[in-house]
Amino acid sequence: MLLGATWSASAPGGSQVCDPTVGQRVVERLNAVRGDHGLGPLRVDLRLVAAAGRHTTDMVTHDFMAHEGSDGSDTGDRVQDAGYDWRYFSENVAAGQMSAEWVVDSWMESPGHRANILSERASHVGVGYAHRSSTRYGHYWTANFGASDELPRLPPGGCHP
């Protein structure tokens with residue numbers, strides 16, 4: 001089951017407040033880590049959300065964890081199929097971590113995943129999360145990072161669904 005999200009109209013002072021969905025919490029944690037390293041925040045792009053969601057659904061459905069999909073697709077295939085005209089993309093996957101904080105911390109302990117999070121080339125992100133207790137890992141995660149010459153396709157209020 002992929003988790004969805006909503007957003008509330010405004011907070012005191014008129015700023016947008018995002019509901020604390022799993023995807024939103026991952027984005028907030030990623031942006032906090034990037035800020036700690038002097039990097040700008042990532043903006044949510046719905047096409048990357050779709051690509052990450054597709055792969056996460058595939059992983060939980062077929063009970064595996066890998067960058068290659070059960071259909072032989074790779075990250076580039078999924079990002080392109082979602083309509084994201086990329087000039088840069090990368091992907092982090094994980095399984096077993098039970099919280100947004102845990103998965104981001106795990107990625108930061110892996111040199112390759114850390115490099116994706118801290119890439120100066122990345123400006124957009126989309127996160128996929130699924131949970132099914134009857135699977136080997138229970139929790140499945142995908143984060144797709146990207147950059148495009150096109151404007152991002154932002155969700156309402158910029159909040160991650």
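A disulfide is a pair of cysteine sulfur atoms within 2.5 Å. In this predicted model, local features need pLDDT of at least 70, side-chain atom pairs count only at pLDDT 80 or more, and totals for chains, interfaces and linings use all residues. Residues are numbered from 1 along each chain as its sequence is written, and side-chain values use heavy atoms, without hydrogens and water.

Searching the whole structure turns up one disulfide. Cys 18 and Cys 159 form it, with sulfur atoms 2.1 Å apart. The link is left-handed, at -85 degrees about the S-S bond. It joins distant parts of the chain, 141 residues apart: Cys 18 lies in strand 2 (residues 17-18), Cys 159 in the segment after strand 6 (139-148). Strands (E, at least two residues) and helices (H or I, at least four) are DSSP runs, numbered from the N terminus. Cys 159 has 4% relative accessibility, so it counts as buried (under 20% relative accessible area, 1.4 Å probe, protein chains only).

Now the helices. The axes of helix 1 (residues 22-36) and helix 4 (residues 100-108) come within 9 Å and cross at roughly 40 degrees. Helix 1 is therefore oblique to helix 4. Oblique covers what is left after angles under 35 degrees (roughly parallel), over 145 (roughly antiparallel) and 65 to 115 (roughly perpendicular). Axes are lines fitted to C-alpha atoms, for helices over the stretch in contact, and angles run from 0 to 180 degrees between N-to-C directions.

Contact means heavy atoms within 4.5 Å. Helix 1 contributes Val 22, Arg 25, Val 26, Arg 29, Leu 30 and Val 33 to its contact with helix 4. Helix 4 brings Ala 100, Glu 101, Val 103, Val 104, Asp 105, Trp 107 and Met 108.

Notes: Buried means under 20% relative accessible area, exposed over 50%, partly exposed in between (1.4 Å probe, protein chains only).
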